[in-house]
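Below is what I looked at, followed by my entries.

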Amino acid sequence: MSLVKVVGQDGGMTIWFRTYYEDEDLWLYFEADDEGWAARQVEVRGQDSRAVTAASLEEVLHLRDHAPLAEMFRYERQYGVLAEGPMDGWQDQPEAAEISAEEFERLWTAARRALGHSA
């Protein structure tokens, strides 16, 4: 199965994929940039399909550079913590699969709405 990739306006590649974290019964969905870092992340609990994370690298970087630390803590309480580092080896994780950009956007929109912010 080939990796879903989209070339962005800046020439970088974007990929979308999911994995499953059995210990926590969480589905993890990622939009990763051309260097393999999470640009956006959604986590959904398996037992009740409840969104618990919908974090964005762009938002995190903006807060880091332009807001007091307390605002970053509020963001993390509301939207969760974004994975750090490259997503190398995701293909070897349980239930790993590529997903479409459309599926990711649908999950992102639903998660942000559930966590208190329209997409």
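**Entry 1: Surface**

I began with the accessible surface of the protein chain, which comes to about 7,400 Å², with 48% of it belonging to carbon and sulfur atoms. Such areas come from the Shrake-Rupley method with a 1.4 Å probe, and for residues only the protein chains shown count as cover. I noted that this is a predicted model, where local features need pLDDT of at least 70 and side-chain atom pairs count only at pLDDT 80 or more, while totals for chains, interfaces and linings use all residues. Residues are numbered from 1 along each chain as its sequence is written, and side-chain values use heavy atoms, with hydrogens and water left out.

Next I looked up burial. The protein chain has 119 residues, and buried ones make up 35% of them. Buried means under 20% relative accessible area, exposed means over 50%, and partly exposed lies in between (1.4 Å probe, protein chains only).

**Entry 2: Order of the elements**

I listed the secondary structure: three helices and six strands. From the N terminus on, I read β-β-β-β-β-α-α-β-α. Helices (H or I, at least four residues) and strands (E, at least two) are DSSP runs, numbered from the N terminus.

I then checked contacts, meaning heavy atoms within 4.5 Å. Of the contacts between residues at least 6 apart in sequence, 48% join residues at least 24 apart.

**Entry 3: The core**

Which residues have the most contacts inside the largest nonpolar core? I found Phe17, Tyr29, Phe30, Val42, Tyr75 and Phe104, in a core of 28 residues. Strands S2 (13–21), S3 (26–32), S4 (38–45) and S5 (51–56) each give two or more residues to this core, and so do H1, H2 and helix H3 (101–114). S3 gives the largest share, five residues. A nonpolar core is a set of buried Ala, Val, Leu, Ile, Met, Phe, Trp, Tyr and Cys residues joined through side-chain atoms within 4.5 Å. In soluble globular proteins, nonpolar side chains tend to be buried together.

Leaving aside neighbours within four places in sequence, Phe104 touches Trp16, Tyr29, Phe30, Glu31, Arg40, Gln41, Val42 and Ile99.

Is Trp108 buried or exposed? Trp108 is buried, with a relative accessible area of 5%. I placed Trp108 in helix H3. Trp108 and Val42 are 66 residues apart in sequence, yet their C-alpha atoms are 6.4 Å apart.

Trp27 sits in strand S3. Trp27 counts as partly exposed because its relative accessible area is 21%. Beyond four places in sequence, the contacts of Trp27 include Arg18, Thr19, Val42, Val44 and Glu95. From Trp27 to Ala51 I noted 24 residues in sequence and 9.4 Å in space, C-alpha to C-alpha.

**Entry 4: The second largest pocket**

On a 1 Å grid over the protein atoms alone, a pocket is an open set of points where a 1.4 Å probe fits, with protein on both sides within 12 Å along at least five of seven lines; lining residues have an atom within 4 Å of a point.

The lining has 14 residues, and Leu57, Val60, Leu82, Ala83 and Glu84 lie nearest the centre. Helix H1 (57–66) and helix H2 (69–79) each supply at least two lining residues. H1 gives the most, with four.

**Entry 5: Positive phi**

Most residues other than glycine have a negative phi. I noted Ser49, whose phi is positive, near 55°. Ser49 is in the loop between S4 and S5. Ser49 counts as exposed because its relative accessible area is 59%.

I also noted Glu95, with a positive phi of about 60°. Glu95 is in the loop between H2 and strand S6 (97–98). Glu95 is partly exposed, at 47% relative accessibility.
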